[in-house]
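I opened my notebook to look up one protein model. I wanted its overall build first, then a few ring pairs.

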Amino acid sequence: MTYTAPTDETPKDKIGEETGGQMEPTHPANVAARVRQWGGHPNAWKGDGLVGPMTLEVYPTMACNLDCGFCDTTDRHRPAVQEMPLDRWLEVIDEAAELGVKRLFVLGGGEPMARKSLTLGIMRRAKQHGMEGILTTNGTLFDRKLIETTVQMGWDEVHISIDGPDAATHDPLRGQTGAFRKAVRTACGLSVQRRKCGSSKTRVALHFVITNQNYRCLSSMVELAHSVGAFRIDFDALIAYTPEQRALMLSGEQTRDLLAESEAAESLASQLGIITTLPNIKTAQRMERGTRLPPAGLGDGFKGAPCLKAWHYLVVQSDGRTSPCCVLSGEGGSVVHQSLADVWARDPFLVKVREGMMNKAPLSRCKECSWNILVHEESIRKHI
């Protein structure tokens with residue numbers, strides 16, 4: 001997987017003004033409190049009921065209208081799967097609410113708005129349950145009506161994937177002429193509609209995958225984020241499996257140049273009031289996804305687990321298969337014919353991941369994890 005869902009990896013110790021000073025539901029302290037309810041054993045929980053996840057991440061579809069050079073997850077790159085119908089997705093959201101899920105990520109996979117009616121149905125049901133809602137999109141399939149609908153339903157955040165400050169950089173990476181113009185138009189449209197409605201929700205964020213085609217554009221991306229009304233931009237490292245992806249990897253010299261670029265961009269972001277994940281890029285090693293396992297914490301049990309996602313996070317793919325994170329997506333059991341609670345409590349793959357983490361022995365594929373995620377997990381451990 002080349003793509004990382006942004007928001008949950010952004011440090012939640014920095015609360016925005018628009019939250020009214022209230023601690024967000026998925027602030028690391030709240031996530032840590034949920035994890036502690038499991039007790040000292042990786043697959044046991046305290047009290048009368050199951051301790052559910054805080055966040056549910058869903059991939060409504062693997063279909064996509066773009067052909068990104070660094071992607072290997074859509075049905076353009078993999079065999080098509082039997083995707084779950086809307087009625088089952090709505091049941092899954094209902095079950096998630098019963099388990100105490102506080103936040104819903106809608107992403108992919110493919111492009112969520114390639115199945116617009118299904119995705120909107122999922123979004124509406126989540127808001128009916130009072131969940132915080134975050135949508136990640138390439139931004140090319142939004143029209144005025146969809147922008148108005150998104151704002152009117154009180155959707156919390158829309159993350160738009162933009163990989164360059166201009167069409168000349170972005171469009172070749174996304175495989176479609178005009179993709180940049182459409183994505184920027186969507187970002188501006190959401191920001192304008194939000195202000196028009198006087199809403200504190202539907203905040204816009206940008207997501208940017210660093211490649212050898214755009215690594216010198218960090219400061220320009222911060223300026224773009226500011227100009228379209230985005231409150232944050234998430235920079236993430238590329239993970240390369242295919243020859244097409246490896247052709248976009250940074251050389252050693254380019255990585256060193258990137259670190260200098262990131263310092264300037266971080267300073268600019270601070271001046272403009274834009275939150276970024278640039279503080280997570282401090283060394284060349286942090287840009288090398290796929291080379292080393294996530295570091296364990298100090299202490300035993302949850303304090304030492306390299307990653308705690310298997311106790312607070314669940315991903316459901318378009319075919320119903322599950323995992324505790326995007327890197328391991330689709331390796332767990334399916335919710336097509338069993339409840340979300342049954343998968344969360346007893347799925348053999350999830351049990352295996354939890355036991356490995358408690359023993360400070362994560363799976364080999366955990367090497368592919370983003371430092372954005374690992375920094376967030378470390379912040380949760382600090383509250384354990």
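**Ground rules.** I noted that this is a predicted model, where local features need pLDDT of at least 70, side-chain atom pairs count only at pLDDT 80 or more, and totals for chains, interfaces and linings use all residues. Residues are numbered from 1 along each chain as its sequence is written, and side-chain values use heavy atoms, with hydrogens and water left out.

**Build.** I looked up the secondary structure and found 13 helices and 9 strands. These are DSSP runs, numbered from the N terminus: helices are H or I with at least four residues, strands are E with at least two.

**Size.** I checked the radius of gyration, which is taken over C-alpha atoms; the globule rule is 2.2 Å times the number of residues to the power 0.38. For 384 residues a compact globule would come near 21 Å, and the protein's 19 Å agrees with that. Along the principal axes, the C-alpha trace spans about 55 × 45 × 45 Å.

How much of the protein is buried? I found 60% of the 384 residues buried (under 20% relative accessible area; exposed is over 50%, partly exposed in between, with a 1.4 Å probe and protein chains only).

**Contacts.** I took a contact as heavy atoms within 4.5 Å. Of the contacts between residues at least 6 apart in sequence, 74% join residues at least 24 apart.

**Aromatic pairs.** How many aromatic pairs does the structure hold? I found 4. Rings of Phe, Tyr and Trp (its six-membered ring) pair if their centres lie within 6.5 Å; planes under 30 degrees apart are stacked, over 60 edge-to-face, the rest tilted.

I looked at Trp38 and Trp344, an edge-to-face pair with 6.0 Å centre to centre and 70° between the planes. Trp38 sits in the loop between helix H1 (28–36) and strand S1 (55–58), while Trp344 is in helix H11 (residues 340–346), 306 residues apart. Trp38 is buried at 1% relative accessible area. Trp344 is buried too, at 0%.

I then turned to Phe105 and Tyr313. Their ring centres are 6.5 Å apart and their planes meet at 35°, so this pair is tilted. Phe105 lies in strand S2 (residues 103–106) and Tyr313 in strand S8 (residues 313–316), so the pair ties together parts 208 residues apart in sequence. Phe105 is buried at 0% relative accessibility, and Tyr313 is buried at 1%.
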